Amino acid sequence: MSLLQPRDVIDHVTDITPDFLSVRGLHGLLIDLDNTLVPYGSYADEEAAAIIRWARDLQQVGTGLYLLSNATGRRAAYWLERLEFNGVGLAGKPNPRAYRRALAALNLAPRQVGMVGDQLFTDVLGGNLAGLHTVLVRPLQGNALLHTRAARHLERLVLRRYGHDWRT
């Protein structure tokens with residue numbers, strides 16, 4: 001398996017249900033913030049309320065959740081307060097060290113944890129390097145950041161190789 005190939009590709013983070021996790025033997029999730037849980041740069045809105053409910057529902061069935069984001073520490077802290085689980089901003093993805101710290105916080109082995117994110121070159125690459133079950137989520141919105149727009153173009157080429165053809 002390629003380091004850029006996600007184990008699962010889904011349309012929305014809420015497609016991850018207790019059954020989804022059970023079938024894959026997962027007990028925890030490392031979750032990206034921007035364009036995975038909430039639109040890039042956004043703050044609380046109606047969609048965020050649904051994401052907060054989704055996270056609480058997963059936690060109620062014993063799923064460990066940890067935010068692993070490259071967003072600023074301030075932005076991550078804002079969302080962590082609302083989501084009511086642990087995590088970090090400025091994580092340094094795809095560096096496997098960030099994933100190992102998150103695994104230690106969840107007290108779970110890599111094979112028991114999924115990495116959920118919208119980018120191949122950070123979330124999927126880092127998750128695969130760390131031995132996690134990687135889940136690529138369709139980005140919630142386009143992104144104005146030049147480096148992300150360039151990465152999206154390359155991601156589309158890689159995804160087509162694996163049989164996916166998202167237009168983002």
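View 1. Strands (E, at least two residues) and helices (H or I, at least four) are DSSP runs numbered from the N terminus. The model is predicted, with local features requiring pLDDT of at least 70 and side-chain atom pairs pLDDT 80 or more, whereas totals for chains, interfaces and linings use all residues. Residues are numbered from 1 along each chain as its sequence is written, and side-chain values use heavy atoms, without hydrogens and water.

**View 2. Strand partners of β3.** With β2, β3 pairs in the parallel sense over four bridges (pairing requires at least two DSSP bridges); Gly-28 stands opposite Gly-64. Pairing of β3 with β4 (residues 86–88) is also parallel, over three bridges, and Val-88 is the bridge partner of Leu-68.

**View 3. The largest nonpolar core.** This core has 28 residues, being a set of buried Ala, Val, Leu, Ile, Met, Phe, Trp, Tyr and Cys residues joined through side-chain atoms within 4.5 Å. Ile-16, Leu-29, Leu-37, Trp-54 and Phe-85 touch the most other members. Elements supplying at least two residues each include α1 (18–24), β2 (28–31) and α3 (73–83); the largest share, six residues, comes from α2.

**View 4. Surroundings of Ile-16.** Beyond four places in sequence, Ile-16 touches (heavy atoms within 4.5 Å) Ile-10, Leu-21, Leu-29, Trp-54, Leu-58, Val-116 and Val-135.

Key. Buried means under 20% relative accessible area, exposed over 50%, partly exposed in between (1.4 Å probe, protein chains only).
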